[in-house]
Every structure is written in structure tokens, then in C-alpha cells.
Amino acid sequence: MVPNTRILELGSFSDEQYGTLVALEATKEIPFEVRRAYYIYGVPENETRGHHSHNKLEQVLICVSGSVTIALSMPGENEEEVLLDSPTKGLYIGPMVWRVMKGFSEGAVLLVFASEYFDESDYIRDKDMYFIKAKEYFQK
Ligand code: T46
């Protein structure tokens, strides 16, 4: 996996008759204190979102309905695509990882837990600036 990313296999309580429940607790299944949650839906299949990195933010992405592909990249690493196609599969993304969300299926809902309140100054939206900052960050 691209550094600062990993797949989280989320446990579930399944019942043939009543369906499935997934429970997530901060600092347990979600590996940080959760300060914010948001969700993305209604994205046309040919549209992409993201195209940025974060300086400090940690997040867990879960596609709770449908599927979406997350393309992850950073300097010196091959781009990696992670298909989120199950409500029991999470993707942890730490600081300094460039991400693009693409290939949203019809009805896809992407739920995200974040370690910090919204702060636009934590975003790196310019790819050239990202490469400069990421090289410094990973050399430490
Ligand atoms: C990320 C990927 C996975 C807020 O006001 N509060 C929020 O908590 C968020 C997440 C966004 N916004 C505003 C900022 C923009 O005006 O919502 C608008 C759309 O945000 P953005 O274009 O950054 O959305 P995405 O889908 O490109 O990226 C989002 C998150 O912003 C980002 O942190 O990692 O999902």
C-alpha cells in the first residue's frame, strides 16, 4: 500500500433474517478521535472528486452503499487504486497522500470520518505544491 494508507476490515453483526450492523468506535475500529463525519453521494459515474492532499488530517473512508474507486499517490510511489465496494471495508488515509475519488456507482454513498474539524488551510490542492511538501515530509 501507499505509505500512510491501509485497508480496515470492519467486523459486523449479521443475521440472516434481520440483516447486518457495523459498529465503529473512535480510537478502536476508527484509529483516531473522530471530530467530524461527512458523506458524499449523487456523484455522476464519470465525475471525479478529491484531487488534493492534507497536511495533518487523518480519515477513514467507507462506501456504505454502492462502490467507488480511490486512487492514491505520492512522490516516488506508483499510483494505487483501492476499490471500496463493501460497507465492511474501510480505507485509512493519513497525512500527505494525494487522493482522487472516481468511478462512483449509481447510488454510491461514501461516508468519511475525520480526525479534525473542517479547516481549508489543511488542504493542499495544488499538485506541484503537494510534491514539494510531500518530498520534505517523507524525507523526515
Ligand atoms: C477528502 C475527500 C475524501 C466543508 O465545508 N466541510 C467539510 O467537512 C468538508 C469535507 C467540505 N466542506 C466544503 C468545502 C468545499 O467548499 O464542501 C465543499 C466540497 O469539498 P471538497 O471539494 O473538498 O470535496 P471532495 O469530495 O473533493 O473532498 C472531500 C474532503 O473535502 C476531503 O477532505 O479527503 O472528500
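Predicted model: local features only at pLDDT ≥ 70, side-chain atom pairs only at ≥ 80, totals over all residues.
**Close-up 1**

Close-up 2. In R49, a side-chain N or O atom sits 2.7 Å from an oxygen atom of the ligand. For Q59, an N or O atom of the side chain is 2.7 Å from a ligand oxygen. R99 also takes part, with a polar side-chain atom 2.7 Å from an oxygen atom of the ligand. On its own the ligand has 650 Å² of accessible area, and the protein covers 69% of it.

**Close-up 3. Strand β11 and its two partners.** Is β11 (residues 109-114) enclosed or open to the outside? Five of its six residues are buried, so the strand is largely enclosed by the rest of the structure. β11 pairs with β4 in the antiparallel sense over six bridges, and in this pairing Y39 has L111 of β11 as its bridge partner. Strand β6 (residues 59-65) pairs with β11 too, again antiparallel and over six bridges. There, the bridge partner of C63 is L110 of β11. A handy reminder while you look along these strands: in a regular strand, side chains alternate between the two faces of the sheet.

**Close-up 4. Two loop residues with positive phi.** Which loop holds T27? T27 lies between β3 (19-21) and β4, and its phi is near 70°, a positive value in a residue other than glycine. T27 has 48% relative accessibility and therefore counts as partly exposed. M96 is found in the loop between β9 (89-93) and β10. M96 is not a glycine either, yet its phi is positive, at about 65°. With a relative accessibility of 4%, M96 counts as buried, because buried means under 20%.

**Close-up 5. Helix α1 and its start.** Helix α1 spans residues 127-139, which is 13 residues. From its first C-alpha to its last, α1 reaches 18 Å, close to the 18 Å expected at 1.5 Å a residue. Where α1 starts, a side-chain oxygen of D126 comes to within 3.2 Å of the backbone nitrogen of D128.

Technical notes:
Residues numbered from 1 in each chain as written. Heavy atoms only, no water. Helix = DSSP H or I, 4+ residues; strand = E, 2+ residues; numbered from the N terminus. Expected span 1.5 Å × (residues − 1). Polar contact = N/O pair within 3.5 Å; in protein donor to acceptor, adjacent residues only side chain to side chain. Areas by Shrake-Rupley, 256 points an atom, 1.4 Å probe, with all protein chains shown as cover. Buried < 20%, exposed > 50% of the residue type's maximum accessible area, 1.4 Å probe, protein only. Pairing = 2+ DSSP bridges.
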